[in-house]
Amino acid sequence: MVRLVVGHSRDLMAAREQLEQQQTIQAMIVEEAPLDQTLEAICRMLEAQLQGGICSIMQADVDERRLHLIAGERLSTAYRQAIVSVAIGPDVGACGSSAHRRELVVCEDLALDPRWERIADLAASEGLRACWSYPVIARDGRLLGTFATYYRRPATPGSHELERIVQAVDLVALAMERAQDRRALWESEQRYRSLFTYNPDAVFSMDLQGHFVTANDHCAALTGYSVEALRGTHFSEFLQPDDLAAVQQTFELTGAGEPCRYELQVPHRDGTLHRLDLTTLPVVVDERIIGVYGIAKDVTRRREHETRLRILERGVEASVNGVLIADAGVPGLPIIYANDAFQRITGYARAEVIGRNAHFLQGSETDPAAVQKLRHELAQHREVHVTLCNYRKDGTPFWNDLYISPVRDEQGAVTHYVGIQHDISEQKTYEAHLAYHAGHDALTGLANRSLLEDRLVHDVELVRRQGKRLAVLFLDLDEFKPINDSLGHAVGDELLRGVAQRLSAAMRPGDTLARLGGDEFVVLLPDLHDAGQAMEVAERLLSIVSRPYRVGAHELSLSCSIGIAVSGADIEQPLELIQQADMAMYRAKQQGRNACQWFTPEIIHRMGDRVTLRNELQEAIEAQAFELHYQPLIDREGKVAGVEALLRWPHPLRGYISPAQFIPLAEETGQIIPISEWVLARACRDLHQLDRVGLGRLNVAVNLSPLQFHRASFLGKLRETLAVTGLPAPQLSLELTEGVLMNDTEGAIETLHALRTMGVGVAIDDFGTGFSSLSYLKHLPIDRVKIDRSFVSGVANSAEDAAIIQGIISMAHHLGLKVVAEGIEQEQQHHLLTAHGCDLFQGFLFARPMPLESLIEFLAEHRPLSIDGA
Ligand SMILES: Nc1nc2c(ncn2[C@@H]2O[C@@H]3COP(=O)(O)O[C@H]4[C@@H](O)[C@H](n5cnc6c(=O)[nH]c(N)nc65)O[C@@H]4COP(=O)(O)O[C@H]3[C@H]2O)c(=O)[nH]1
């Protein structure tokens with residue numbers, strides 16, 4: 001009984017001890033003691049409960065299908081090392097097999113058990129003979145590990161042992177599961193902490209009132225305040241006043257469970273504004289919203305970048321230049337972008353060009369050298385600028401001034417090419433136009449002086465090498481000026497074009513025909529075997545030019561004078577040939593026009609004369625070295641009816657020089673103006689003096705030069721001269737040639753009316769030699785016409801001249817005009833003219849032009865005088 005009691009109390013003690021051990025282990029589990037320590041404690045507990053049992057625990061790595069030793073201190077180090085990692089498999093010892101089969105595996109005698117073959121010796125040396133392994137399975141069925149119990153003798157478990165083992169395995173499962181849960185929780189915490197800590201954006205949380213609870217370092221960087229300073233601060237303190245209401249609203253929405261996302265400008269502590277992309281989320285714990293999370297991304301730079309990009313993109317889009325972008329990373333450099341201007345310039349729609357290489361714009365006229373340069377530079381990844389001919393979609397060519405630049409990435413590798421194209425077709429056309437005009441005469445389209453000179457220099461060099469000769473023909477029209485003056489510039493221009501056409505048609509390939517201006521043309525004949533050929537050409541041109549022209553209603557005749565200069569073997573200055581031909585032409589003119597003249601050195605002397613004459617004329621003007629002579633006009637009764645003032649130049653060496661010689665030169669040089677002013681003043685003064693000496697108020701006719709008549713100051717000067725000299729206007733007559741009136745007719749008629757108003761008379765000089773007819777006279781406020789001397793000289797012998805004179809006189813009388821005949825040398829002429837009704841007579845027959853003193857004597861002898869008849 002006592003024994004029983006003793007046995008009973010021993011059981012009780014064992015049970016209590018067991019319970020305490022279990023509680024200790026449960027406490028370790030609850031207190032989260034390290035897993036290996038807890039498991040060792042479980043091993044010790046079971047070893048204490050099972051006589052001779054040695055326990056070890058392995059943890060499963062299901063993914064790798066292995067078991068790793070985690071507890072089993074009672075085993076030797078060598079043995080533990082041997083089983084530190086065991087595969088899970090059907091026949092791998094006791095543990096590998098039980099993990100595989102998920103059931104108790106009993107190896108009763110390790111020495112005999114084939115599953116222990118691999119480490120049978122080791123087990124034997126360890127003194128182990130039996131091993132039972134029990135799988136540790138989680139509540140959800142996962143394999144957690146195995147629990148092994150070794151014996152140093154062959155053994156199989158009885159119910160007692162099994163019961164203890166199952167209890168211990170339950171504790172192992174609990175400890176392992178809790179450890180795994182803890183581990184999972186800790187990992188999850190780490191994950192979320194990482195998300196918070198390492199987030200490149202500012203992450204923060206707020207309580208439901210809007211105070212910061214947590215904030216990562218980026219929040220500090222973004223605001224300029226430390227994380228500590230942020231904590232507890234209300235978000236409103238970081239906002240601009242205008243944003244408060246809107247942010248409050250989104251905060252409330254998020255607080256009510258709705259995530260929000262918006263952009264906001266937030267001032268940094270240093271005053272700079274940062275643009276934030278802000279996301280707010282509710283913080284939900286146990287299905288209850290306890291706060292608001294915020295994630296703020298600083299998009300300031302990105303927005304600035306986007307704005308810049310947008311502006312740039314807009315700039316590219318709106319550019320008047322075509323812009324193409326090609327992908328350098330793809331073979332064939334396909335176009336990936338084309339702007340509107342490209343579409344406008346080329347006519348290709350964007351979709352038609354994307355994906356193609358831009359060389360489809362090239363065509364037959366594209367300069368291969370430009371394309372070569374383009375390819376070469378692009379292959380070197382360099383910028384390139386070329387101007388090349390491209391083609392639009394409709395096939396028309398255009399000039400493309402193209403700049404291509406490589407675009408590089410941060411590593412310097414070329415990723416794209418940007419091509420900027422500028423359609424410079426108009427500019428090219430303009431340049432071609434200018435180039436053409438730089439070398440051509442606008443009126444006739446012939447070469448101009450500049451092109452002529454280039455060709456001359458080139459041709460002289462060529463003929464020198466070929467051993468040939470070159471001739472320069474200088475051609476000047478003979479009667480062009482009067483035609484131009486009388487019929488107007490339009491007719492003159494038409495005539496020049498006609499001449500140019502005829503000359504052009506007569507040229508051979510290689511010849512050059514140029515117009516130097518006015519009525520001067522130059523021909524280069526570069527392919528001469530002998531100089532005689534040049535004369536043949538010149539004569540042919542003379543006859544070509546002299547064929548009649550029809551311009552509008554006018555049938556016109558022209559002739560020309562041609563000077564010829566031929567290159568010698570030793571010519572140094574090719575341009576001299578033009579001067580030489582010019583001088584020869586001038587000589588041809590002097591010799592009666594409509595002629596050709598070779599250049600000879602003797603001509604140079606003659607030309608020198610002309611220059612000398614001009615200089616002497618200038619000296620005479622300055623010294624007022626002219627004289628004025630007067631030739632009387634006689635009326636039908638034989639009385640002196642007036643005088644004509646005629647200019648005389650007493651040359652110190654050459655005696656009196658005829659106005660016919662120097663007046664044309666003076667008109668060319670403009671020297672006629674001071675001369676004319678002197679003549680007018682002198683004539684007025686002289687005639688006024690005649691009156692003062694009692695010889696009466698005689699009319700004086702003064703010749704007017706065209707240049708003088710058309711000057712704006714003409715009438716003013718005339719009034720001034722009359723006023724200064726005191727000559728009454730009715731005593732003055734002005735003699736004009738027909739040509740003067742035809743040129744600028746409107747202005748001329750106006751001037752004539754002004755003269756009539758003043759009382760100054762007007763006579764048409766040299767009547768009959770011009771191109772006009774009498775009919776135009778009726779529109780003119782004139783007083784008289786002077787029949788040209790050439791008709792008067794023929795009146796006695798030529799019936800035709802007599803008829804013309806008769807016609808002129810009757811028509812003039814019909815218009816109320818007086819008729820003067822000049823150059824009367826014979827009585828018979830006077831007689832006939834009187835018979836035809838001529839009113840006034842002038843000529844050597846009555847008196848030669850004479851100085852004023854002689855005129856005074858003449859008048860004294862021929863009294864009484866009258867101005868009424870004039
Ligand atoms: N053979 C011949 N000739 C006669 C006879 N009677 C007069 N003459 C000449 O005929 C010319 C008449 O002048 P014109 O036809 O106006 O032609 C003038 C006139 O056009 C121009 N001229 C003369 N003086 C002036 C002047 O002061 N100013 C301007 N602009 N031209 C002038 O020079 C031209 C020539 O003048 P001149 O040599 O003085 O020549 C004068 C005169 O000497 C004659 O019976 N027989």
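I count Ala, Val, Leu, Ile, Met, Phe, Trp, Tyr, Cys and Pro as nonpolar, Asp, Glu, Lys and Arg as charged, and the others, Gly among them, as polar. The model I am reading is predicted.

**Ligand shell.** I sorted the residues around the ligand by that scheme and got 9 nonpolar, 8 polar and 5 charged. There are 22 residues in the shell, and Leu647, Pro659, Asn703, Gly843 and Phe844 come nearest. I then looked up which elements supply them. Strand S25 (640-651), helix H21 (659-669), H22 and strand S29 (761-767) each give at least two residues. H21 has the largest share, with 3 residues.

**Helix H22.** I followed H22 next. It has 21 residues and spans 30 Å from first C-alpha to last, close to the 30 Å expected at 1.5 Å a residue. I checked burial along the helix. Among the buried residues are Ile672, Ile675, Val679, Ala683, Asp686 and Leu690. Leu680 and Cys684 are buried too. Just after H22, I found Gly694 with a positive phi of about 90 degrees.

**H22 against H24.** I looked up how H22 (residues 672-692) packs on H24 (residues 714-725). The axes come within 9 Å and cross at roughly 30 degrees. The crossing is right-handed. On the H22 side I noted Glu677, Leu680, Ala681, Cys684, Arg685 and His688. They meet Lys717, Thr721, Leu722 and Thr725 in H24. The residues of this contact divide into 4 nonpolar, 3 polar and 3 charged.

Note on methods. Residues numbered from 1 in each chain as written. Predicted model: local features only at pLDDT ≥ 70, side-chain atom pairs only at ≥ 80, totals over all residues. Axes fitted to C-alpha atoms, helices over the stretch in contact; angles between N-to-C directions. Helix = DSSP H or I, 4+ residues; strand = E, 2+ residues; numbered from the N terminus. Left-handed = near helix turned anticlockwise from the far one by under 90°. Contact = placed C-beta atoms within 7 Å. Near = placed C-beta within 6 Å. Expected span 1.5 Å × (residues − 1). Buried ≥ 20, exposed ≤ 12 C-beta atoms within 10 Å, placed from the backbone.
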